Amino acid sequence: GAKEPAPATGSDLIVVGYAQVGAESDWRTANTESFKSTFVEANGYKLIFDDAQQKQENQIKAIRNFIQQDVDYIVVAPVVETGWETVLQEAKNAGIPVILSDRQMKLSDESLYVAWVGGNFLKEGDDSVTWLNTYLKSVGRDNEDMNIVLLQGTIGSSAQVGRTQGIVEGLAKNPHYKLLARQTGEFTQAKGQEVMESFLKAYPDIDVVFAENDNMAFGAIDAIKAVGKVPGKDIIIISFDAVREAFNKMIAGELNAAIECNPLHGPRVAEIIQTLEKGGTVAKIQYVVEEVFDQANAAARFPTRMY
Ligand code: GYE
């Protein structure tokens, strides 16, 4: 009869090096968890995980280490878009395929990576302004002038670049919208709070905050409370990611909307690797389908959220 396949020994495992951005947000924690739970021995993998603490130089070092260790695949969630050609060429010379996940790179040579999977950040930005347009209309405030501030993510990251572009271009279409200020909060709650505090001091009459991730919105909520205003009522708050805590805040009425960005890329990257292992071809750019959540659907959708 047919023989059972031999159990995977150490040398049979597919070795994957993951150069992760850091641990700056709930989204990032869920993303790390997704890789750690997917790339396990039981699935035929050995994962070498590196946390770059939001520094590109650390990510470049990590990639060089992966090349040294002759891993089978390198996965990168690039902290910023530019400056990767040299190290990716080194990976290419070593014959190691590179898969990008989450944020994109801007490269002069697209052959330096096999595939990318992640969210459509420009669309997310567009969706956030569309949500505001619809909401203001529904509450009869679409003829009011709106003073708006923007908490940006890590400058030069494709998540920031795309979301900022979608937001700024969307706002520019409506003469009632006035973007007073934009500044980075580095995708962290602490920095988001700090920047929002300074916005509130500089601009006493803010109507709307866009935060390029949930954690910065959580910081903004605290800053708004600290000046005696009611988040979600006195100031409309829109954020990105839609992590579990964002649902809690929408249900509590403190956050108005969260534009989804799905972090569960582990299985998606594993599928790409499995296809490559079988000699198949993969789509170069793979966008994940994402939704928009607000106070009208948050409670109903919360129980089935995966992150
Ligand atoms: O929105 C933010 C995280 O790159 C899409 O990075 C990701 C972003 C996400 O820090 O929370």
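Trainee: Which residues in α4 meet residues in α5?

Mentor: Let's look at the predicted model together. On the α4 side they are F121, L122, K123, E124, G125, D126, S128 and V129. Their counterparts in α5 are S158, A159, G162, R163, T164, Q165, G166, I167, G170 and L171. The residues of this contact comprise six nonpolar, eight polar and four charged.

Trainee: What makes G125 a contact residue in α4?

Mentor: The test is that two residues have C-beta atoms, placed from the backbone, within 7 Å of each other. G125 is listed among the α4 residues that meet α5, so it counts under that cut-off.

Trainee: How is the packing of α4 and α5 described?

Mentor: With an angle and a distance: helix α4 (residues 121-138) and helix α5 (residues 158-172) pack at about 35°, and their axes are 7 Å apart.

Trainee: Is the crossing of α4 and α5 left-handed or right-handed, and what makes it so?

Mentor: The crossing of these two helices is right-handed. That name applies because the near helix is turned clockwise from the far one by less than a right angle.

Trainee: Now the sheets. In what order do the strands of the parallel sheet come?

Mentor: Six strands form that open sheet, ordered β2-β1-β3-β4-β5-β11. At its edges are β2 (45-51) and β11 (285-287), each pairing on one side only. Neighbouring strands here are turned by 20° against each other on average, direction ignored.

Trainee: How do you know that β1 and β3 pair?

Mentor: Pairing needs at least two bridges between the strands. Four bridges join β1 (residues 14-20) to β3 (residues 73-76), so the two qualify as a pair. One example is Y18, whose bridge partner in β3 is V75. Helix α9 (residues 266-277) packs on this sheet, touching β1, β3, β4 (98-101) and β5 (115-118). The direction of α9 makes about 160° with that of β5.

Trainee: Why do β7 and β12 stand at the edges?

Mentor: They belong to an open sheet of six strands with mixed pairing, in the order β7-β6-β8-β9-β10-β12. β7 (177-184) and β12 (292-294) each have a single partner strand, so one side of each lacks a neighbour in the sheet.

Trainee: How many bridges join β6 to β7?

Mentor: Seven bridges link β6 (residues 146-152) with β7, and the two run parallel. Among the residues involved, N147 has K178 in β7 as its bridge partner. Helix α5 lies across β6, β7, β8 (208-211) and β9, running at about 170° to β6.

Trainee: Which residues are closest to the ligand?

Mentor: Out of 13 residues surrounding the ligand, the closest are S25, W27, A159, F187 and N213. The elements giving two or more residues to this shell are α1 (26-38) and β9 (236-241). By class, the shell has five nonpolar, three polar and five charged residues.

Trainee: How do you know that the radius of gyration agrees with a compact globule?

Mentor: For 307 residues, a compact globule would have a value near 19 Å, and this chain has 21 Å, which agrees. The C-alpha atoms fill a box of roughly 75 × 45 × 30 Å along the principal axes.

Key
Residues are numbered from 1 along each chain as its sequence is written. This is a predicted model: local features need pLDDT of at least 70, side-chain atom pairs count only at pLDDT 80 or more; totals for chains, interfaces and linings use all residues. Axes are lines fitted to C-alpha atoms, for helices over the stretch in contact, and angles run from 0 to 180 degrees between N-to-C directions. Ala, Val, Leu, Ile, Met, Phe, Trp, Tyr, Cys and Pro count as nonpolar, Asp, Glu, Lys and Arg as charged, and the others, Gly among them, as polar. A residue is near a molecule or strand if its C-beta atom, placed from the backbone, lies within 6 Å of it. The radius of gyration is taken over C-alpha atoms; the globule rule is 2.2 Å times the number of residues to the power 0.38.
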